[in-house]
There are 2 protein chains.
Amino acid sequence: MFSPSRRMAHVPQSFIREILKVTQKPEVISFAGGLPDPECFPAQAISEAASRAIGRHSARVLQYAPTEGLLELRQWIAQRYQRFGLSLGPENVLITTGSQQALDLLGKILLNPGDTVLMEHPSYLGAIQAFSLLEARFATAPLTPRGVDLAAVQRALQRGARLFYTIPNFHNPTGISADASTRQALAQLMAEYPQTLLVEDDPYGELRFHGPEIPPIFAATHGASIHLGSFSKILAPGLRVGWMAGPPEIIRAAATAKQAADLHTSTVCQAVILQLLEDGFPLPAHIQRVCAHYGERAQAMIHALRHAAPQGTRFTEPEGGMFLWLSLPPQGPTSMELFHAAMEQGVAFVPGTPFFLDGGGAHAARLNFTAASSERIEQGILRLCQCLTSLLQAKADSKRPEVS
Amino acid sequence: MFSPSRRMAHVPQSFIREILKVTQKPEVISFAGGLPDPECFPAQAISEAASRAIGRHSARVLQYAPTEGLLELRQWIAQRYQRFGLSLGPENVLITTGSQQALDLLGKILLNPGDTVLMEHPSYLGAIQAFSLLEARFATAPLTPRGVDLAAVQRALQRGARLFYTIPNFHNPTGISADASTRQALAQLMAEYPQTLLVEDDPYGELRFHGPEIPPIFAATHGASIHLGSFSKILAPGLRVGWMAGPPEIIRAAATAKQAADLHTSTVCQAVILQLLEDGFPLPAHIQRVCAHYGERAQAMIHALRHAAPQGTRFTEPEGGMFLWLSLPPQGPTSMELFHAAMEQGVAFVPGTPFFLDGGGAHAARLNFTAASSERIEQGILRLCQCLTSLLQAKADSKRPEVS
C-alpha cells in the first residue's frame with residue numbers, strides 16, 4: 001500500500017517524456033526531444049580512451065573514488081575558467097552526475113520547504129522538477145530578447161528568494177541569450193541581495209554558432225555565484241558527467257549532500273574523459289565541428305520558417321544551443337491543437353505550456369534543431385507550417401458570418 | 001553568504017571519510033575502508049566490453065537513455081530473481097547510480113519531514129545520512145546473532161514507521177546475517193503493518209564464502225517489499241550501477257524522483273555491463289573466485305584474532321561480505337582510544353560510534369578484511385591486539401592500589 005510523500009505531489013508530470021514516447025517512431029520528424037546528434041559523438045576516441053583508461057589504471061578507474069570527483073578532472077575544469085579571468089582551484093569544483101544532479105544538490109543544501117526559487121519564465125522543466133521535489137515555491141521573471149527582465153528580477157529579489165536559477169546562454173526552451181550588459185546588471189543585483197544564490201545553468205554555452213562568446217555571470221560575480229557545466233553537449237550525454245563551480249563552502253556542502261545521493265559520479269566515465277584529454281583529443285576543434293554541424297541545422301530551420309510560416313508567426317533566431325521558440329499567431333490555434341494536427345502529419349514538437357509554472361505558453365512551442373538532418377528539418381517545418389496555415393484558415397472561416 | 005538549509009543540520013559528519021584521509025598512506029595497514037580488492041576487478045573483460053560497446057553501438061551507448069535504465073539490463077536483473085521463485089519483469093526494476101541512490105530516491109518518495117525510519121542498530125552510515133537529509137526521525141532495533149531483534153521491530157512498527165531499512169546479508173558494520181526464520185518472521189510482520197515499506201539493502205549477498213544461500217526477505221514478501229542490489233561488489237564500484245527491485249508503482253514513483261535527480265544512470269556504464277554479459281563473461285565463476293579470495297582474507301583475520309586478541313574480546317565470524325565487528329572488553333579502552341594507539345602503530349579501523357544513531361558502540365569497532373592481503377591482515381591484527389593488550393594492562397595498573 002504505497003502512499004507517496006507530500007513532495008511527490010508537487011512534481012509536475014513530464015509531458016515531454018510522454019510526448020517522446022509517441023515521437024520515437026523513425027517515420028516521425030521530431031523537433032520534440034533535446035538530443036544531440038550521435039554523429040557528433042567522438043565515438044572512436046571515446047572507445048579508445050575507455051579501453052586505455054581501464055586497461056592501464058584499472059585499480060583506480062574501477063574503484064570507489066572521492067565524492068568530489070577525480071582531482072585531475074577538477075583541476076582541468078578549474079583551469080578552463082581562466083579565460084574568463086577567474087582563478088579557480090579544485091576546491092571550487094564538484095563533479096556531478098550530469099548537471100541535472102547539481103540542481104538536486106543545490107536544492108537540498110539551500111532550500112527549506114516553502115522557500116522561494118526565482119526562475120525565468122519559461123524555464124527548463126528538469127529544474128522545475130528538481131526544485132518542486134524539495135517543496136520550493138516559485139517566483140518568475142519573464143524573458144526579453146536581451147535576457148531576463150531585470151526589473152522583474154529586482155522586484156522578486158526584494159520579496160526574497162533563496163535561489164535564482166537562470167540559463168543565460170541559448171536558453172532552454174527559448175534559445176534566448178542574455179547580453180553582456182544584462183549579465184553585468186544581474187551580477188550587480190546579486191551583490192545587493194547576498195541572501196539569494198545565483199545558479200547559472202550553462203550546458204549549451206560552448207555550442208555557439210556565430211557571434212562572440214559572452215562571459216558567464218559567474219565571471220561578473222567574481223566567482224561568488226554558481227556556474228553549472230556539462231560534458232553532455234560537447235562530448236556525450238551518456239557519460240553523465242557534469243560539474244558545479246562556485247565558492248568552496250558551497251562546494252563542500254554540496255559534496256556532503258552528494259555523498260548521500262550517489263557516493264560519487266562514475267569513476268569510469270570521469271577517467272574516460274581524463275584519458276581523452278591526456279591523449280590530446282582536440283576538444284576545441286571538436287566543439288567547432290559540432291557548432292558548424294548544429295549551426296547549419298539551425299539555419300535550415302530558420303530559413304524554412306521564414307519561407308513557410310504564416311503571417312503573425314514569430315520565432316527566435318538563436319546564436320547557439322539546441323532549441324528555438326515559436327510563437328503562433330494569437331488569434332489562431334493553441335500549440336496543443338497544432339501538436340495534434342502535426343502529429344497526424346508525422347511532425348512532433350513540444351507545446352509551450354510545460355515550461356511555464358503558472359500558465360502561459362498556450363500559443364508557443366519549443367523546436368529542437370539538433371536531432372534531425374537539414375533535409376528533414378525543411379520537410380518537417382514545411383508540413384508544420386501547412387498544418388498551422390490550415391488551422392488558421394479553419395479558425396478564420398468559423399468566425400466569418402455565413403453568406404446565405 | 002551561505003546559510004545551509006535545515007536538513008543539512010541533520011546530516012552526521014562522515015567520520016569514516018575523515019578517517020580515510022589519514023589512513024590512505026601506503027604504510028598504514030587499513031581495516032577502515034570498505035574497498036573491494038582491485039585484483040577482483042575483471043579489468044581486461046571490462047576494458048574489452050567498453051571498447052566493443054562504444055565501438056559498435058555508439059549512437060545508443062553515448063546518448064541519453066530512459067530514466068528507468070536500459071531495458072535489456074532491467075530484464076536481465078529481473079530474471080535473476082527467478083532463483084528465489086519470483087517472477088519479475090523490467091517494470092519491477094529501476095537502475096540506480098549505485099545502490100546508494102536508491103536510498104535517496106526511496107526517502108524522497110516515502111518520507112515527509114519527521115516521518116520515522118526504523119533502522120537496525122548499528123547500521124550503514126550512508127543510509128543514516130540519506131534519510132537524515134530528508135529530515136527523518138529514527139527508531140532502532142538491536143541486532144542479535146540471528147538478525148534483527150524481532151520483538152523490538154514489532155514494538156517499533158506498532159508505534160508507526162514509514163520505512164524499515166535492513167541489511168540481512170553480512171550486515172555493514174557487523175557482518176551479521178539474518179537466518180531464514182528471522183527473514184520469514186519479518187515478512188509476516190511486514191504484512192501486518194502495510195503502511196511500513198521494508199527496504200532490504202543487499203550489496204554483499206553474493207559474497208558468501210560458505211554456508212547455503214538464504215533467500216532475501218523480498219522472496220518471503222512475494223515481491224511486496226524493496227530489494228536493493230549492486231554491481232559494485234561483484235564487478236566494480238567505479239561503474240556506479242545498482243538497482244532497486246520492487247512493486248511497479250514504487251518503481252514508477254522512484255523513476256520520477258530519479259529523473260529530477262540525475263536524468264538517468266550512465267548509459268556507458270550500463271552498456272558495458274550488458275556487453276560483458278552478452279559476450280558470455282562467466283559471472284558466476286567470477287563471483288566464486290571473488291568469494292574464495294575474500295573468504296581466505298576473512299579466515300586470516302579470524303585466525304589472527306583467535307590467536308592474539310586479549311581475553312574478553314569478542315568478534316563476529318561472518319560467512320561473507322566485507323566486515324567483521326570487534327567488541328572490546330568492557331573494562332578496557334574505548335575503541336576511540338584504541339584507534340589513536342593503533343594509528344601510532346600504523347593500523348587503522350573505524351570505531352563503532354558513527355554507526356549508532358543514539359550513542360553506543362564506544363567499545364566496538366568495524367574491521368574490513370577485503371582490502372589488505374592476508375599477510376598484512378595478520379600483521380595488522382597482531383599489532384592491533386598488542387595495542388589493546390597494552391591499553392588493558394595500563395587501565396588495570398591504574399586501578400590497582402599502589403604498593404608502598
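In the predicted model, helix 12 of chain B contributes B:E296, B:R297, B:A300, B:M301, B:A304, B:L305 and B:A308 to a contact with helix 14 of chain B, where the partners are B:S374, B:I377, B:E378, B:I381, B:L382 and B:C385. Nine of the residues in this contact between helix 12 and helix 14 of chain B are nonpolar, one is polar and three are charged.

The geometry of this helix pair was also computed. The axes of helix 12 (residues 283-308) and helix 14 (residues 374-399) of chain B approach within 9 Å, with a crossing angle of roughly 25°. Because angles under 35 degrees count as roughly parallel, helix 12 of chain B is described as roughly parallel to helix 14 of chain B. The crossing of helix 12 of chain B with helix 14 of chain B is right-handed.

Chain A was examined at the level of domains. Domain 1 of chain A comprises 6-41 + 284-394, and domain 2 of chain A spans 43-278. The centres of domain 1 and domain 2 of chain A, taken over C-alpha atoms, lie 25 Å apart. Their contact involves 32 residues from domain 1 of chain A and 34 residues from domain 2 of chain A. On the side of domain 1 of chain A that touches domain 2 of chain A, helix 12 (283-308) and strand 11 (323-327) of chain A each provide at least two residues. Helix 12 of chain A gives the most to this side, with six residues. By class, this side of domain 1 of chain A consists of 19 nonpolar, nine polar and four charged residues.

Terms used
Residues numbered from 1 in each chain as written. Chains lettered and ligands numbered in written order. Predicted model: local features only at pLDDT ≥ 70, side-chain atom pairs only at ≥ 80, totals over all residues. Domains from an automatic or database assignment. Contact = placed C-beta atoms within 7 Å. Helix = DSSP H or I, 4+ residues; strand = E, 2+ residues; numbered from the N terminus. Nonpolar A, V, L, I, M, F, W, Y, C, P; charged D, E, K, R; others polar. Axes fitted to C-alpha atoms, helices over the stretch in contact; angles between N-to-C directions. Parallel < 35°, antiparallel > 145°, perpendicular 65-115°, else oblique. Left-handed = near helix turned anticlockwise from the far one by under 90°.
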